[in-house]
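Here is a short tour of one protein model, written to be read with the coordinates open beside you. Take a look at the structure first, and then we can walk through it together.

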Amino acid sequence: MPKLKTKASVKKRFTLTGTGKLKRKHAYHSHILTKKTTKRKRNLAYTSTVDSVDTKRVKEMLLQ
């Protein structure tokens with residue numbers, strides 16, 4: 001059986017931290033920013049971690 005390729009879309013969207021957690025960016029920060037408040041845009045700019053429910057699925061796609 002051939003090796004499985006890493007999903008290119010997942011590779012672009014997520015990064016592994018040193019402790020094995022997955023970092024992700026927030027959605028809704030790319031366009032139509034005029035109607036969003038400064039506080040909301042600032043909070044969307046920060047990264048966050050993937051929820052524990054989804055980590056197994058994302059890691060499988062990332063580490064194939």
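One salt bridge is found in this predicted model. It joins R57 to D54, and their closest N and O atoms lie 2.8 Å apart. Both partners belong to helix α3, where they sit three residues apart, so about one helical turn separates them.

| Residue | Relative accessible area | State |
|---|---|---|
| R57 | 54% | exposed |
| D54 | 27% | partly exposed |

R57 counts as exposed because its relative accessible area of 54% is over the 50% cut-off. D54, at 27%, is partly exposed.

Helix α3 itself spans residues 52-62 and packs on the sheet, where it touches β1 and β2. The direction of helix α3 makes about 95° with that of β2.

Now to the sheet. It is open and has three strands in the order β1-β2-β3, paired in the antiparallel sense. At the edges are β1 (15-16) and β3 (48-49), each of which pairs on one side only. Strand β2 covers residues 22-24 and is joined to β3 by two bridges in an antiparallel pairing. Across this pair, K23 stands opposite T49 of β3.

Which residues make up the largest nonpolar core? There are six of them: V10, F14, L22, V50, V58 and L62. Leaving aside residues up to four places away in sequence, V58 touches V10, F14, L22 and V50.

Key
Residues numbered from 1 in each chain as written. Predicted model: local features only at pLDDT ≥ 70, side-chain atom pairs only at ≥ 80, totals over all residues. Heavy atoms only, no water. Core = buried A, V, L, I, M, F, W, Y, C linked by side-chain atoms within 4.5 Å. Buried < 20%, exposed > 50% of the residue type's maximum accessible area, 1.4 Å probe, protein only. Contact = heavy atoms within 4.5 Å. Pairing = 2+ DSSP bridges. Helix = DSSP H or I, 4+ residues; strand = E, 2+ residues; numbered from the N terminus. Axes fitted to C-alpha atoms, helices over the stretch in contact; angles between N-to-C directions. Salt bridge = Lys/Arg side-chain N within 4 Å of Asp/Glu carboxyl O.
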